[in-house]
Amino acid sequence: MSANSQDIKPAAKAPDVPPSDGGRFAIPPWLRRAAGISELWTFVILVALVAFFTIAAPGKFFTQYDLTQIAVNAAIYLVLGVGMTFVIITAGIDLSIGSVLVLAAVAAGEYNIHHGGPASSWGTVAVCVVIALAVGAGWGALQGAVVATGKVPPLIVTLGGLGAALGIAELATGGQDPAGAAATHLQNSLGFGKLAGIPWMVILAAAVTALFGAVLGATRFGSHTLAIGSNPTAVRRAGIPVGRHLIMVYGLMGLLAGLGAVMWLASYGTTSIAGHSTDNLKVITAVVLGGTSLFGGRGSVLGTVIGVFIPAVLTTGLIVIGVQQYWQDVAVGVVLVAAVYIDQMRRKTRERA
Amino acid sequence: MSSIRITRKVLVAAGTVLVLTGAAACSSSSDSGGSGSKGGASGKKVRLITGVKSDPFYITMTCAAQTEAKAKGMDFSADGSAQWDVSVQRPLLDSVAASRPDGLLISPVDVSALTPSLKQIQSAGTKVALVDTTVTDPSIGMTRISSDNEKGGRVAADALAKLMNEKGSAIVISVKPGVSTTDARIKGFTEEMKKYPNIKMLPTLYDNDLPATAASQIQSTLAAHPDLGGVFAGNTNTGTGIATGLKQAGKQGTVKVAAFDAEPDEVASLKAGTLQVLVAQDPAAIGKEAVDQLAAAFEGKSVQKSIGTNMVAITKANMDQPEISKYFYKAGC
């Protein structure tokens, strides 16, 4: 319990136990805090990777082109990762995100097809966005409700959701990606448009990350999320409606999966029904890499940002320096386990102290 | 397309083998009273079972087989699985077997799980022709007709090299290693590219059927090799990812993309300039050839054990010529 509160970002007020052991070793509290931030370690790994590839492939890796492409390709995973951070902090998990993304994309895509297809108007685009967000949020909230009231573990609820959402999407489309699912307006703006050289995809992802980073770190919603992951019984006794909060957290995950669907349609122009089967694993990997505990109560959005970029930098960097592809999967796996291992060691020594 | 077909069948294979062997053991009434060798193709009952009913590749094959069978006076009808799945195709096969046809054309969705059913129907006197896909047991089917995938890879390489002005780097991005059809295509492509001394082949990448991975891979490759001039895409999902990646990088049209098959949406992409080369298989020839081979068998003539059909490269320049556009897959007869 006491370890939990130490790992919360400095901005986050510990919900249950304020850090009462400050100054025990006469080390300035800010330094203790900095060393205690999980993100610091993964950030060091990220910086080391970037430095390595920059030296290994001079003029090819740390370029504006390369940074832009890494950021664009990470944008959707980042948005999904933000939602997943909230879910995992409550000691939950959401395996269904890839399917929810597909379902939201299909719902929005079908509307678009019947209201103008690729040439549809801005009005249609707006309705499509609302549909995608609503479908995602609705599905997420439904799963949250089952988790909150049915005493079914989130692993099972969202595993069911994974199959069911994809099944509905396949029923609606006959299993084939429908043509004309994305409007040209949407593709040329969000998908491929730029503002001052920065792609809109990246700007949107950064805005979402900043917004929900602040929500987690500085609002009551955020501290309740952390508290539920730490000790749901205590939170319930404190009079906080845990069930309602879980519905909101899973709904938020679904909402962001819906936003991911919009971003997907914008950049890929199709629903890619078969192309999202491993989104959940990728996103969970990123969140865990970022220091969020699978046991709940601990984690940060900033960590997830770093966790999304480590695999992205690795795969891009290894292609740039020309390493055979199979090594990339090995490298991502090793970095994942190593990062969590170091984190756990550090945690243990501190708990003993 | 066929890469997806192949991978799915592996998953369902294990479970169905058990069921199948059980079923085969129960109903082994192998009276050879079928109408095998009466001579003459006219009036023979011929059935076709395809892999996926709604796939334009199979629709095109079915249409051609139907036309040829009608011309020969056969009693022909066709059906196909709703999905690429043994558990969906097997009941179809069993019901066709029960009707005791003289000839059966089938695209088996699994290399082994359908073998017992096929053996049974063959021993009951039905002449079996395997079209597009095959099974591992060599005793099944008097003829096997499919695309020559290695040749397809060569056709793609030649067309792509021409568009690249025979210089620059080229890369293959495929779905996953270990799939016979796509492996053969990559082999043919890589070997053929060696004929062009100024084209450098980069190591093949695999995207596990994820467009997002393909997009990131193509952009990373561009960072490392700015002279990248050509990409060979393994399937539709890969092609989607490559198109997005190139567009994000502002290289659409500069880097030429070749893809397999000529389904309606791929032809649309060719027109729109997202793809530059399509390597079309010839499903119509597969269907027609299979019916011809069956007819030869009915008439007691010699049958070719294995036939590889041709492939053709379609580009924006030649897509309007009738001898090329006939290769476009059809969405209906």
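This is a predicted model: local features need pLDDT of at least 70, side-chain atom pairs count only at pLDDT 80 or more; totals for chains, interfaces and linings use all residues.
**Strands around β5 in chain B**

- Strand β4 of chain B covers residues 127-131, and three bridges join this strand to β5(B).
- The strands β4(B) and β5(B) run parallel.
- On β12(B), B:Gly308 is the bridge partner of B:Ser146.
- Strand β12 of chain B spans residues 306-309, and four bridges connect β5(B) with β12(B) in a parallel arrangement.
- Is β5(B) enclosed or open? Five of the five residues of this strand, residues 143-147 of chain B, are buried, so β5(B) is largely enclosed by the rest of the structure.

**The two domains of chain B**

- Chain B is divided into domain 1, made of residues 40-141 + 283-309, and domain 2, made of residues 149-281.
- How far apart are the C-alpha centres of domain 1 and domain 2 of chain B? They lie 32 Å apart.
- Where these domains of chain B meet, four residues of domain 1 are in contact with five residues of domain 2.
- Sorted by class, the domain 1 side of that contact in chain B has three nonpolar residues, one polar residue and no charged residues.

**Chain A on its own**

- Chain A contains 15 helices and two strands.
- Chain A has 353 residues, and 51% of them count as buried.
- Take the contacts in chain A with a separation of 6 or more: 80% of these are between residues 24 or more positions apart.

**Where chain A touches chain B**

- How many residues does each chain bring to the contact? Chain A gives 27 residues and chain B gives 24 residues.
- On the side of chain A that touches chain B, the elements giving two or more residues are α4 (64-89), α12 (242-268) and α14 (301-320) of chain A.
- The largest share of this side of chain A comes from α4(A), with five residues.
- By class, the side of chain A that touches chain B has 16 polar, nine nonpolar and two charged residues.

Definitions and conventions. Residues are numbered from 1 along each chain as its sequence is written. Chains are lettered from A and ligands numbered from 1 in the order in which they are written. A residue is buried if 20 or more other C-beta atoms lie within 10 Å of its own, exposed if 12 or fewer, and partly exposed in between; C-beta atoms are placed from the backbone. Two residues are in contact if their C-beta atoms, placed from the backbone, lie within 7 Å. Ala, Val, Leu, Ile, Met, Phe, Trp, Tyr, Cys and Pro count as nonpolar, Asp, Glu, Lys and Arg as charged, and the others, Gly among them, as polar. Domain bounds come from an automatic or database domain assignment. Two strands pair if DSSP finds at least two bridges between them.
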